[in-house]
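Please read them with the coordinates open.

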Amino acid sequence: MRPCTSAVFYQARAEMNQKLQKLGEEYRALKDVGASIGDLPDLENPSIREALAEQYLTLGLAQSAILDWEGVMEAESEETAPATPEKIEELFSAYWVIAETFRQQYTGLKELLDAEKNGSRPAPDGTPATGQTTAPDAEKATAPAPKAKKA
């Protein structure tokens with residue numbers, strides 16, 4: 001694996017944007033001439049566009065980062081599949097769990113999310129855990145301030 005550097009991340013993001021743009025152009029061209037767009041994702045749906053962006057970014061990261069692998073076999077034989085961009089896409093498209101696990105571990109997202117959880121859960125009784133006192137309690141006033149007399 002290559003380390004997850006800024007260069008790798010931004011290259012993967014650029015590839016994601018290019019794929020989305022190409023798909024969008026194809027979608028609009030078919031729609032403009034009245035051709036069937038049933039084989040393409042519904043790019044007018046924001047949830048689908050967001051999911052595609054995540055998928056393409058994860059795929060771009062993997063294709064930029066994975067240099068070699070072990071234990072990934074060809075579908076029809078007992079031979080190890082080569083770690084090519086096509087085989088990476090085939091694996092990630094067939095098994096979303098592998099793609100998502102890769103993305104979380106490669107980008108360190110899993111560690112960030114796990115660290116975020118530490119100490120921030122509510123207590124069993126539903127109240128949040130209290131933090132360390134950083135300032136003493138204010139003293140209680142003994143008597144109200146005198147009011148000014150009207151002239």
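1. Helix 2 contributes four residues to the lining of the largest pocket, the most of any element; helices here are DSSP runs of H or I with at least four residues, strands are E runs of at least two, and both are numbered from the N terminus. This is a predicted model, in which local features need pLDDT of at least 70 and side-chain atom pairs count only at pLDDT 80 or more, while totals for chains, interfaces and linings use all residues. Residues are numbered from 1 along each chain as its sequence is written, and side-chain values use heavy atoms, with hydrogens and water left out.

2. The pocket is lined by Glu 54, Gln 55, Thr 58, Leu 59, Glu 89, Phe 92, Ser 93, Trp 96, Ala 99 and Glu 100, and helix 2, helix 3 and helix 4 each give two or more residues to that lining. (A pocket is an open set of points on a 1 Å grid over the protein atoms alone, where a 1.4 Å probe fits, with protein on both sides within 12 Å along at least five of seven lines; lining residues have an atom within 4 Å of a point.)

3. The largest nonpolar core has 25 residues, and those with the most contacts inside it include Leu 61 and Phe 92. Such a core is a set of buried Ala, Val, Leu, Ile, Met, Phe, Trp, Tyr and Cys residues joined through side-chain atoms within 4.5 Å, buried meaning under 20% relative accessible area with a 1.4 Å probe, protein chains only.

4. Leaving aside neighbours within four places in sequence, Leu 61 is in contact (heavy atoms within 4.5 Å) with Val 8, Phe 9, Ala 12, Phe 102, Tyr 106 and Thr 107.

5. Overall, the protein has five helices and zero strands, and buried residues make up 21% of its 151 residues.

Definitions and conventions: Buried < 20%, exposed > 50% of the residue type's maximum accessible area, 1.4 Å probe, protein only.
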